[in-house]
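Please read these notes with the structure open beside you. They take up the parts of one chain and then its contact with a partner.

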Amino acid sequence: MLWEAVKLAFQSIRRNAMRSVLTLLGIVIGVAAVIAMVTIGSGTSQKVQDNLAKLGSNMLILRPGQSTFGPGGATEARAFDERTVSALRSNLTGVRALAPTAQKNAKVVFGALNYDTTVTGTDSSYFAAQDWSFREGRPFSDSEIRSGGSVCVIGSTIVSELFGTLDPLGSRLRVGSFACDVIGVLDSKGQSAFGTDQDNTVLMPLRTFHRRIAGNTRIGSISISVAERNDIPRVQAETEAVLREVRRVGNGEEDDFTVRDMTQIANTMAMTSTLLTGLLGAVAAVSLLVGGIGIMNIMLVSVTERTREIGIRLAIGALERQVLSQFLVESIVLALFGGIIGIMIGLALAGAASILMDVPFAADIRVIALAFVVSAAIGVVFGYFPARRAARLDPIEALRHE
Amino acid sequence: MTEPPLISFRGVARHYGEGGGLIRALAGVDLTISRGEFIAIMGPSGSGKSTAMNIIGCLDRSTAGVYRFNGVDVTGLTRDQRALLRRNYLGFVFQGYNLLARTTAIENVELPLIYRGMGRRERRERAVHALHRVGLAGREHHTPAELSGGQQQRVAIARAIVTDPLVLLADEPTGNLDTSRSREIMQLLTQLNLEQGITVVMVTHEADMAAFAARTIRFVDGRIDADTRREAA
């Protein structure tokens, strides 16, 4: 009986091809929109998370001054210095890597080409702290760090902008008015979560940076990579204590530095992105509702148009529920059909967007299954009223209907 | 013990509306129809003949009185119970054929069997057989649009008899047909009545057609005006 109803539904849909297509369109657009939104959304949030992971795992970033997100920005405060770094090194436990950094924007020149980049002075633990790996070459040696050797490690953007196909290893790169030997090239990390190109970087030993580039001994920030994720709060608290001690922040006084937990920021950003995905999905879901109402509309028209047919069926002994199920199955088939087409179009759109926007294609089988179930549910909900109307027709009246 | 009559009306009435606008379509009718009869119901329009037909066919319910079908009081049956009764014991033929459009002859004939939940193979077999009986062998896969009026009515008759009903109810079966097509249809009904023993109850306003029936019941103003039996020749 069910199979007969399904066959009947297909017959009726085929006989009213144009009308069926237009009805489907509502559901198709709704489902496609939801699938595309959710798939692109979770792709984006995956990308955000990947990017944040690239910043380095279990990272604490220490900066002088209290940064505020409101107007005014960071307050002026004393920079960190060597003493701060050694105090942290000797007092903290559970730390995988600790790297002081100082940064300055500078123009780098090789041959006839130049490029604006960020120059960072640091030591070898920086690469571990930031999860950087080397494409070729090596990090700074201890003696280069101690003596402030004229060496540098460059990011892949610098390679492509200045060296092209040439091998940069061993070349002399001019940074501002100072020249250094390229001893290493970093693997590409791509864009950061904040949209900056992480590969546009030149690194040199901190002492070299202080002497040759900055002209002072300030340390702009310190990166700490905590060994165990669960340990982050403890290390953060200890770090704050050490810094208050070293920087002589009195009891009751506000910190004149900031310790930021990057993992937490990563989670916040991922959450925001998920929230946004949900919101967009919800907006798209409204169009699904509109599609459902379209189905109800067409089914009502169909019932009116086929009143005589319903009369015949009732006269020859169809039960109410048999007529009901016939029309219900028809609307479910319509809605499912629309749903399946919508899922395919939605995935295609998401696929195209993932290429254009350079985000991963994050098709989720659960979302697809849900869209499928929701389509069927729309068929049931919006098909029930017209179907009941058909089932309750008076056979005599229905047979007289022209 | 005598077999109960197939159809028995005792004071069956059907009223529409109420108060001053009350219409008595049937005003208390007594009627008995036995198995195997061929009955023509005649009468001017508004005489109650169609109402009587609808009540016999369990498409409508009486307002008062008792209708027994095969000895069973069907007055109080629910909608679905009446549908089951129609499905199992009654076959309908209408003036306008009432076939499903864009549906082949055999699919039309199979329809009542589908509602009976019969298997595909058996359904097909019986439908082919029924079409054969009405003289439409070879037209199984024609749609109504590809068939003449007479042929469409034959498909409708095939659909009515495919379930082997006790009663075939025909409402102006020849109303849309020319004289020779009408005679062919009447011959078919007579043949089904004689050979298969199917009780035929037919509404008509043409005396020519009524002449095929063994018994003619005439309605006037919601009452039976005359009930005549043709003497066997």
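The points below concern a predicted model.

1. Start with the domains of chain A. The assignment divides the chain into domain 1, made of 2–51 + 267–400, and domain 2, which covers 78–255. Between the C-alpha centres of domain 1 of chain A and domain 2 of chain A there are 55 Å.

2. Next, look at two helices of chain A: H9, residues 262–305, and H12, residues 365–391. Their axes come within 9 Å and cross at roughly 30 degrees. Angles under 35 degrees count as roughly parallel, and H9(A) and H12(A) are therefore roughly parallel to each other. The crossing of H9(A) with H12(A) is right-handed.

3. Which residues of H9(A) meet H12(A)? On the H9(A) side they include Leu288(A), Gly291(A), Gly292(A), Met296(A) and Val303(A). The residues they meet in H12(A) include Val374(A), Gly379(A), Phe382(A), Pro386(A) and Arg389(A). Sorted by class, this contact of H9(A) with H12(A) has 14 nonpolar, four polar and one charged residues.

4. Now turn to the contact between the chains. Chain A contributes 16 residues and chain B contributes 19 residues. On the side of chain A that touches chain B, the elements giving two or more residues are helices H1 (2–15), H10 (307–315), H11 (320–356) and H13 (395–400) of chain A. H10(A) gives the most to this side, with four residues.

5. What is the make-up by class of the side of chain A that touches chain B? It has ten nonpolar, two polar and four charged residues.

Technical notes:
Residues are numbered from 1 along each chain as its sequence is written. Chains are lettered from A and ligands numbered from 1 in the order in which they are written. This is a predicted model: local features need pLDDT of at least 70, side-chain atom pairs count only at pLDDT 80 or more; totals for chains, interfaces and linings use all residues. Axes are lines fitted to C-alpha atoms, for helices over the stretch in contact, and angles run from 0 to 180 degrees between N-to-C directions. Angles under 35 degrees count as roughly parallel, over 145 as roughly antiparallel, 65 to 115 as roughly perpendicular and the rest as oblique. A crossing is left-handed if the near helix is turned anticlockwise from the far one by less than a right angle, and right-handed if clockwise. Two residues are in contact if their C-beta atoms, placed from the backbone, lie within 7 Å. Ala, Val, Leu, Ile, Met, Phe, Trp, Tyr, Cys and Pro count as nonpolar, Asp, Glu, Lys and Arg as charged, and the others, Gly among them, as polar. Domain bounds come from an automatic or database domain assignment.
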